[in-house]
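Hi,

Here is the structure I promised to pass on. Have a look at it first, and then read my notes below.

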Amino acid sequence: MAIKELAQLWQHSLEDKDFRFELKAQEIAVELAAAVADAGITQAELAQRLGWKPERVSKVLCGATNLTLKTLFELSEALGRDVGLTTV
């Protein structure tokens, strides 16, 4: 597939609201995983701090779950971070 075709496919994909949502979910998951690494803890330790099963932490850090504001807040508290929202 040529670069031009890939660029067109990408543009077409960005028109899909569900696709854009999944991109944002992955972006947030990557930021959370980086925060866990920066905190110097394992996923198991994070699960223990939160009182969650390790599988739930794994799903969150892989972007495989739709996070609520409460869940984001709990994660930020467990990581000693502040959660915020920036609109551009």
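This is a predicted model: local features need pLDDT of at least 70, side-chain atom pairs count only at pLDDT 80 or more; totals for chains, interfaces and linings use all residues.

Residues are numbered from 1 along each chain as its sequence is written, and side-chain values use heavy atoms, with hydrogens and water left out.

Salt bridges first. There are two in the structure, counting a side-chain nitrogen of Lys or Arg within 4 Å of a carboxyl oxygen of Asp or Glu. One pairs Lys24 with Glu27, with the closest N and O atoms 3.2 Å apart. These two sit three residues apart in helix H2 (residues 17-39), so about one helical turn separates them. (Helices are DSSP runs of H or I, at least four residues, and strands are runs of E, at least two, numbered from the N terminus.) Lys24 is partly exposed at 43% relative accessible area, and Glu27 is partly exposed too, at 38%. For the cut-offs, buried is under 20%, exposed is over 50%, and partly exposed is in between, using a 1.4 Å probe and protein chains only.

The other bridge joins the side chains of Asp38 and Arg81, at 3.3 Å from N to O. This pair links distant parts of the chain, with Asp38 in helix H2 and Arg81 in the segment after helix H5 (69-78), 43 residues apart. Asp38 counts as exposed at 58% relative accessibility, whereas Arg81 is partly exposed at 40%.

Now the helix pair. The axes of H3 (residues 43-50) and H4 (residues 54-61) come within 8 Å and cross at roughly 110°, which makes the two roughly perpendicular (65 to 115 degrees). The axes are lines fitted to C-alpha atoms over the stretch in contact, and angles run from 0 to 180 degrees between N-to-C directions. On the H3 side, Gln43, Leu46, Ala47 and Leu50 meet Pro54, Val57, Ser58 and Leu61 of H4, where contact means heavy atoms within 4.5 Å.

Last, Thr65 lies in the loop between H4 and H5 and is partly exposed, with a relative accessible area of 33%. Leaving aside residues up to four places away in sequence, Thr65 touches Lys59 and Val60. Thr65 is also 9.4 Å from Ala29, C-alpha to C-alpha, although the two are 36 residues apart in sequence.

Cheers

Key
Angles under 35 degrees count as roughly parallel, over 145 as roughly antiparallel, 65 to 115 as roughly perpendicular and the rest as oblique.
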